[in-house]
Amino acid sequence: MESTLKRARLDLNLTQEEACDQLNAITGGATTPTLLSAWEHGRKRTGLKNRRGLCELYQRPSKELFAHQDRDEATTTLEATGTANVTRVLTRYTDLLEAMVEVVRGARHQLVVTGSRSREPRYLQTIEDTLTRFPNLVHYRVLYGPPRHRELHEHLQHLLQLRDPSERRNGVKTLHVGLVQTPSALERHFLASENAAVIPLPSFHGADGFDCGVMLGAEAAAGLVQHGREACASAHRLETLLDLRRLPVRDPQGASDQGEI
């Protein structure tokens with residue numbers, strides 16, 4: 001059965017590509033036709049910002065457009081897989097680091113990293129090595145405030161030396177670095193590729209640091225990749241070494257960032 005969300009688009013004679021372009025102009029996001037199709041068929045639920053954007057675009061109420069997603073019996077693909085999305089619980093910092101490195105090394109199409117506290121040299125070097133090895137891999141780094149550590153600041157400079165964000169490879173930009181400047185935006189920390197994701201968690205062993213986490217499979221990772229792409233699309237772009245040099249480096253006093261990515 002055709003959803004109201006799909007019918008609303010067809011009533012305006014919009015292709016999925018055209019609808020995405022107009023939606024992204026409203027939201028500042030990065031919705032793709034594939035994701036729009038998943039929303040229209042109920043395989044994924046639409047987030048609040050995109051719901052507001054689609055209501056504005058189609059001039060229809062939310063209750064009408066998203067009834068197929070919100071009814072009690074509606075089950076998305078992500079919900080259907082349930083706890084199977086958690087492929088590993090990471091209870092030690094060494095396990096967390098190895099999982100992060102594993103996700104980076106396994107990325108071939110998209111790699112999203114969020115947060116401003118990275119400082120682990122091996123992990124950051126693995127990102128640089130993987131981008132060098134796979135030039136078509138599209139990398140998104142979303143900062144929530146300026147880098148907290150000099151190691152991350154230097155890593156970002158290395159990224160801009162490896163790739164020019166303004167250049168396109170096969171018609172696609174392969175490096176996106178964005179700074180979320182909204183004071184009310186909560187910093188978030190995750191790493192995701194098209195295959196897997198890692199989310200650090202507060203320590204299971206004490207009050208210091210984020211040295212534990214969970215590793216998620218491809219279905220959940222795909223949602224986090226989209227989250228990162230949209231966050232980066234609406235962030236302030238950092239595209240030159242001068243942009244980076246203008247950023248302060250904030251080293252937290254007396255705080256452990258172990259496990260932050």
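Me: How do you know that strand β8 and strand β9 pair, and in which sense?

Reply: Strand β8 (residues 197-201) and strand β9 (residues 212-216) are joined by five bridges in the antiparallel sense. Two strands pair if DSSP finds at least two bridges between them, so the five bridges of β8 and β9 meet the definition. Within this pair, Val198 stands opposite Met215 in β9. The strands themselves are DSSP runs (E, at least two residues), while helices are runs of H or I with at least four residues; both are numbered from the N terminus. The model is predicted, so local features need pLDDT of at least 70 and side-chain atom pairs count only at pLDDT 80 or more, whereas totals for chains, interfaces and linings use all residues. Residues are numbered from 1 along each chain as its sequence is written, and side-chain values use heavy atoms, with hydrogens and water left out.

Me: What makes β1 and β10 edge strands?

Reply: Eight strands form an open sheet of mixed pairing, in the order β1-β9-β8-β7-β2-β3-β6-β10. Strands β1 (86-90) and β10 (236-237) each pair on one side only, and they are the edge strands.

Me: Which strands does helix α8 lie across?

Reply: Helix α8 (residues 93-106) lies across β1, β2 (110-114), β7 (190-193), β8 and β9. Its angle to β8 is about 155°, on a scale from 0 to 180 degrees between the N-to-C directions of axes, which are lines fitted to C-alpha atoms, for helices over the stretch in contact.

Me: Why does Thr126 count as buried?

Reply: Thr126, in helix α9 (residues 121-133), has 8% relative accessibility. Buried means under 20% relative accessible area, exposed over 50%, and partly exposed in between (1.4 Å probe, protein chains only); Thr126 at 8% is therefore buried. Leaving aside neighbours within four places in sequence, Thr126 is in contact (heavy atoms within 4.5 Å) with Val101, Val104 and Arg105.

Me: Which residues of α4 are buried, and what covers them?

Reply: The buried residues of α4 are Asn50, Arg51, Gly53, Leu54, Cys55, Leu57 and Tyr58. Their cover includes α1 (4-11), α2 (16-27), α3, α5 (62-65), α6 (67-70) and α11.

Me: How many residues line the largest pocket, and which are closest to its centre?

Reply: A pocket is an open set of points on a 1 Å grid over the protein atoms alone, where a 1.4 Å probe fits and protein lies on both sides within 12 Å along at least five of seven lines; lining residues have an atom within 4 Å of a point. The largest pocket holds about 1,100 Å³, and among its 41 lining residues Leu35, Gly223, Gln226, His227 and Glu230 are closest to the centre. Helix α11 gives the most to this lining, with 11 residues.

Me: Which element supplies the largest share of the lining of the second largest pocket?

Reply: That share, four residues, comes from β6. The second largest pocket holds about 340 Å³ and is lined by 20 residues, with Ala30, Tyr140, His176, Arg229 and Arg237 nearest its centre.

Conventions:
Points joined across faces, edges and corners; volume = space filled by probe spheres on them.
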